[in-house]
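Open the model in your viewer and keep the selection panel at hand.

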Amino acid sequence: MAAFAPNSALVFSGRGATGARSLSSRSIAKPVAINDQSRVRKVNVGVRAATGSIREQAGRRAPLEKSTLFNCKYVPFSGDQNEEYSIDDVIYRSKNGGLLDVQHDMEALAIYPPEYWKALFDERVGKTVWPYGSGVWSKKEWVLPGISDDDIVSMFEGNSNLFWADRYGREVLGMNDLWVKQCGNSHTGSFKDLGMTALVSQVNRMRKQGKPLAAVGCASTGDTSAALSAYAAAAGIPSIVFLPADKISLAQLVQPIANGSLVLSIDTDFDGCMRLIREVTAELPIYLANSLNSLRLEGQKTAAIEILQQFDWQVPDYVIIPGGNLGNVYAFFKGFKMCKDLGLVDKLPRMVVAQAHNANPLYRAYKTGFEKFEAIKAEPTFASAIQIGDPVSIDRAVYALKETNGIVEEATEEELMDAAAEADLTGMFNCPHTGVALAALKKLREAQTIGPSDKVVVVSTAHGLKFAQSKVAYHAGEIEGIVGKFANPPVEVKEDFGLVMDVLKERLVQ
């Protein structure tokens, strides 16, 4: 029975009677022996866990067996791998100025077999057990294994649904296995919540350690600032956001204002805001929360693991991600790669990055075979969150694409708005960034790069309600240079039964 010892730790980890019953009824890695004494222990733990808040219950829970072996650290993304830093250090770049990466002790994680990790993640998902009910913290051992449950700042983010785009795939693209990962169905309306729970939790831990961190700050095109302000507010940590003036939606602007952030509206673009926040954080005790900080990617990678989990650990053929600052591209790759390296799956999906034509430095580099990369001045795009001409994570994204034989595609403003609107007509409600990904998918289907039976996941990065202004303008025919072939404006009719009937008859005949 020694080979199955991890399962015993799983059953008796103290998540309460309901969770334990749910797990023990599953086939984890048969056979699993549970004696009478074990059953008594399980019930007793459940009784103890029934008192106090869920955070207090977590404090009384027995730790996962061998969890003290799990650890992570900062290492350079490229360069001297002997250079390393504690995860508790306030540091963003390596000695040579390059990006850092969070490296996990994979040998320690591999002590537990793949079926154990699958069962553990499945048992935790969607519960109210602190902090494992979160889609991020249900994978805690793979995210920040050393952090105390009491330091975690979570809003039970993640666990977003996979939307089976049945009608859109069938009627528009001739596909039968198209899915949309709705990362925008989250607390602040974007995938940025996944990364921010990890980052703000670590800041919370470091402040308790006595690190002189007065606030957290970020430059943002809207979604990062919304996530940072919400999680900082939940933790009682001051937050500061730099936003490009008049370049984000009202819905995005009001979120950090409502959550009490100090909002600086700056007459520049995102790249200008990013340069300023880096200068400020170098001078003041403000912790940088942009994806330059690799902690964010540890939370964001769980969306990839979640996709595999939702497919019962089957790997999709393609995953299409809108790309701006490009951290999410590497985060998804990292999640898929960890699952493969630990034996949960046997291959990686082919990754596709979709960029707006007006902000397409990665696409331009891809067309040269990645021989050359040049930052550009990003032009205005309705996909404002990816209006970035000098992406911080360019090297990370190129690495992920090379490792997965990836593709980069682009979409014009008309293509992305039409794609979002056409998909909306089949029941979705897409943000412009998802429109970029859908337009890229359409091109790849037309080129027959993606086949009719390929399992494809489009990552929807934000909720369409955050970009209602652009949708209103599209359907009202108010966007210069865009015809709006799928526009559906309201029909104005006087209060007259006959006139109403005339309109209905005309539309019903169509």
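How many cavities of 30 Å³ or more does the count come to? The count for this predicted model comes to six.

Start with the largest cavity, which has a volume of about 280 Å³. Of the 25 residues that line the largest cavity, select the closest to its centre: Phe-191, Lys-192, Asn-325, Ala-385 and Ile-388. Then colour α10 (223–235), α13 (295–300) and α15 (327–341), the elements that give two or more residues to this lining. The largest share, three residues, comes from α15. By class, the lining of the largest cavity has 13 polar, nine nonpolar and three charged residues.

Next, go to the second largest cavity, with a volume of about 70 Å³. Its lining includes Met-417, Asp-424, Cys-431, Phe-467 and His-475. At least two lining residues each come from α18 (413–424) and α20 (468–475). Here the classes are seven nonpolar, three polar and two charged residues.

Now select helix α9, residues 192–208. At 1.5 Å a residue, its 17 residues should span 24 Å, and the end C-alpha atoms are 24 Å apart, which agrees. Of these 17 residues, 15 are buried, so α9 is largely enclosed by the rest of the structure. After α9 comes Gly-210, with a positive phi near 100°.

Finish at the open sheet of three strands, ordered β2-β1-β3 with antiparallel pairing. The edges are β2 (85–86) and β3 (100–104); each has a single partner strand, so one side of each is left without a neighbour in the sheet. Two bridges join β1 (residues 72–76) to β2. Select Lys-73 to find Ser-86 of β2 opposite.

Notes: Residues are numbered from 1 along each chain as its sequence is written. This is a predicted model: local features need pLDDT of at least 70, side-chain atom pairs count only at pLDDT 80 or more; totals for chains, interfaces and linings use all residues. Side-chain values use heavy atoms; hydrogens and water are left out. Helices (H or I, at least four residues) and strands (E, at least two) are DSSP runs, numbered from the N terminus. The expected span of a helix is 1.5 Å times one less than its number of residues. Buried means under 20% relative accessible area, exposed over 50%, partly exposed in between (1.4 Å probe, protein chains only). Two strands pair if DSSP finds at least two bridges between them. On a 1 Å grid over the protein atoms alone, a cavity is a set of points where a 1.4 Å probe fits but cannot get out, and a pocket is an open set with protein on both sides within 12 Å along at least five of seven lines; lining residues have an atom within 4 Å of a point. Grid points are joined across faces, edges and corners, and a volume is the space filled by probe spheres set on the points. Ala, Val, Leu, Ile, Met, Phe, Trp, Tyr, Cys and Pro count as nonpolar, Asp, Glu, Lys and Arg as charged, and the others, Gly among them, as polar.
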